[in-house]
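This report describes the fold and selected local features of one protein chain. The sequence and structure are shown below.

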Amino acid sequence: MKRDEAGVTPDPVDVRLGARLAELRAEHGWSLGELADRSGISRSTLSRAERAEISPTASLLNRLCAVYGRTMSQLLSEVEAEPAPVVRAAEQPVWEDTASGFVRRSVSPPHGGLRGELVEGRLTAGADIAYDRPPVPGLEQHIWVLEGALTVTAQDTDHPLATGDCLRLRVWGPTRFRCPGPDDVRYVLAVVRP
């Protein structure tokens, strides 16, 4: 949220994201209560996210994406302009979850007819993000560490990764991304929908 002289002005991306979340819920014919039951997110939090009173966290968006059967990149691309075949560095959408120390750049956003996408992730030292389920079961992921160290937990197995290492997996259950430090980590996440 950005502050101006009159109070709080919601971020334009949060406003578009909130509107899209409300549209998705309406398309499914669900009340806030039904969505809360399906996602495990409180009705008040869902309502505040839809009205752009809060900036959703990565974990919250992941839960909603799982309920709606889409990746986070798909959801975020729905609130951005239609991506061009060439995505210039300056035009790549960036989303930040300041509460968890996570910055996500959509290097190659979802595009009609393509199943893959590329994301650059950055985690601050000590950051720890847990996802309780994949947005789409069986999602193929390739995680390539460019700088720093990252520990990814999938299927109750820790995978410590150093600079240059790549983890390849299909995601069926909970995952966890941790930056043990002492430095921040920067990695590429290649996602291929089943």
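The model is a predicted one. Ala52 is not a glycine, yet its phi is positive, at about 60°.

Asp156 belongs to the loop between β8 (150-154) and β9 (157-161). With 81% relative accessibility, a value over the 50% limit, Asp156 counts as exposed.

## Overall form of the chain

Five helices and 12 strands make up the secondary structure elements of the protein chain. Its radius of gyration is 17 Å, close to the 16 Å that the globule rule gives for 194 residues, so the chain is as compact as a globular protein of that length. Along the principal axes, the C-alpha atoms fill a box of roughly 45 × 40 × 35 Å.

Of the 194 residues, 43% count as buried. When contacts between residues at least 6 apart in sequence are considered, 65% of them join residues at least 24 apart.

## Surface and charge

The accessible surface of the protein chain amounts to about 10,100 Å², and carbon and sulfur atoms account for 51% of that area. The chain carries 23 positive and 27 negative charges, whose mean positions are 3 Å apart.

In α2, which spans residues 32-39, the buried residues are Leu35, Ala36 and Ser39. Viewed down the axis of α2, these buried residues fall within an arc of 105°, so they line one face of the helix. In general, an α-helix has 3.6 residues a turn, so residues three or four places apart point the same way. The buried residues of α2 pack against α1 (12-28), α3 (43-50) and α4 (58-68). After α2 comes Gly40, with a positive phi near 80°.

Helix α3 has Leu46, Ser47, Ala49 and Glu50 as its buried residues. Down the axis of α3, its buried residues fall within an arc of 160°, so they too line one face of the helix. The cover over the buried residues of α3 includes α1, α2 and α4.

Arg176 is located in strand β11. Its relative accessible area is 33%, which lies between the limits of 20% and 50%, so Arg176 is partly exposed. Although Arg176 and Ile129 are 47 residues apart along the chain, their C-alpha atoms are separated by 5.6 Å. Apart from neighbours within four places in sequence, Arg176 is in contact with Asp128, Ile129 and Ala130, as well as with Thr151, Val152 and Thr153.

Which peptide bond is cis, with omega near 5°? The bond in question runs from Gly181 to Pro182. Pro182 lies in the loop that joins β11 (175-178) to β12 (185-192).

Definitions and conventions
Residues numbered from 1 in each chain as written. Predicted model: local features only at pLDDT ≥ 70, side-chain atom pairs only at ≥ 80, totals over all residues. Heavy atoms only, no water. Buried < 20%, exposed > 50% of the residue type's maximum accessible area, 1.4 Å probe, protein only. Helix = DSSP H or I, 4+ residues; strand = E, 2+ residues; numbered from the N terminus. Arc of directions from axis to C-beta. Contact = heavy atoms within 4.5 Å. Rg over C-alpha atoms; globule rule 2.2 N^0.38 Å. Areas by Shrake-Rupley, 256 points an atom, 1.4 Å probe, with all protein chains shown as cover. Lys, Arg positive; Asp, Glu negative; His and termini not counted. Charge placed at Lys NZ, Arg CZ, Asp CG, Glu CD.
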